[in-house]
Amino acid sequence: MAEKKKFHLPVVLQNAQEKATPIEAKAVTPVSFPYLGKYQFCDTLKPADNGVYKGEMTRIEDLFLEKSGIGKWDSLNTDGFQIIADYKTSILYRSNPYVETSVYFPVYIVNETDTPKLFFGKDRHAWGVQEAKDTSDYASWYSIECWNWSGDGNGSFAVKIRPGEFAMILAPKYKGSQTGSMRLRLQIDQSTYVSLPYEGAYHQEQFYFDMSSPDLYPARHAKSFFTTGIYGAAFKQPGKH
């Protein structure tokens, strides 16, 4: 019997790019995590010309467009992934030519099981948020991000992640006046995953919504966020210290 493949963090190489800095945020930030494809377990990821990395494995038979969740007759599921956040690695990324390049870190959705799994996303992004531990509030975990508003119902997709493969997404790094424990929550259809904690930078103000423009997103949805949270994460309410 062949030995089961084990995942280890790959070294991510980058082309020479302009300088970039972590994102400056002073409130809960709407995000969606860029999806950079799926790969076989490997030692090194080398950049390709199409914005992903060499060895990207997404094939037409593994891609299901306009699919937003597990169907009644599906034989695959979303259970059994490992979510590994590599905060120590910095990746320079911009989603399109009209925005500034910012600093992100890779997150790996790993399949070390014996069966294929389904990874879901929308518009080449994944659903998730980062949380930080608020040491001023009994070391409680609160989300510092919320989902990025998208009123368009199109663009959903699923990718089959086979044994010995991983999907790669990016999460933003922030400038911060403090460093502390952070973690990442990822929603894959009905499965919610939480990464192990990592040390990251953030501002205390990122625990709160910017309510200066209450008619704009996400402030106009703040009450709903306080009530329901997001992907199992809670938001800190104004006046709570």
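**Chatting about strand β8**

Trainee: Hi! How many bridges join strand β7 to β8?

Mentor: There are 3 bridges between strand β7 (residues 91–93) and β8, and the two run antiparallel. Keep in mind that this is a predicted model.

Trainee: Okay, and what is the bridge partner of Y93 in β8?

Mentor: That would be S102.

Trainee: Which way do β6 and β8 pair, parallel or antiparallel?

Mentor: Antiparallel: strand β6 (residues 82–85) pairs with β8 over 4 bridges. As an example, A85 has V107 of β8 as its bridge partner.

Trainee: And over how many bridges do β8 and β14 pair?

Mentor: They pair over 8 bridges, again in the antiparallel sense. There, Y104 stands opposite P172 in β14.

Trainee: Why is β8 largely enclosed by the rest of the structure?

Mentor: Because 10 of its 10 residues are buried, meaning under 20% relative accessible area. S102, Y104, P106, Y108 and V110 point one way from β8, while V103, F105, V107, I109 and N111 point the other way, and all are buried.

Trainee: New topic! Which residues touch the most other members in the largest nonpolar core?

Mentor: I109, F119, I169 and L186, out of 36 residues in that core. Several strands each supply at least two residues of this core, among them β8 (102–111), β10 (125–134) and β15 (178–188).

Trainee: What does L186 touch, then?

Mentor: Leaving aside residues up to four places away in sequence, its contacts include F33, I83, I109, W127, I169 and Y193.

Trainee: What lies apart from that core?

Mentor: Another core of 17 residues, including F7, Y39, Y93 and F166.

Key: Residues numbered from 1 in each chain as written. Predicted model: local features only at pLDDT ≥ 70, side-chain atom pairs only at ≥ 80, totals over all residues. Heavy atoms only, no water. Core = buried A, V, L, I, M, F, W, Y, C linked by side-chain atoms within 4.5 Å. Buried < 20%, exposed > 50% of the residue type's maximum accessible area, 1.4 Å probe, protein only. Contact = heavy atoms within 4.5 Å. Pairing = 2+ DSSP bridges.
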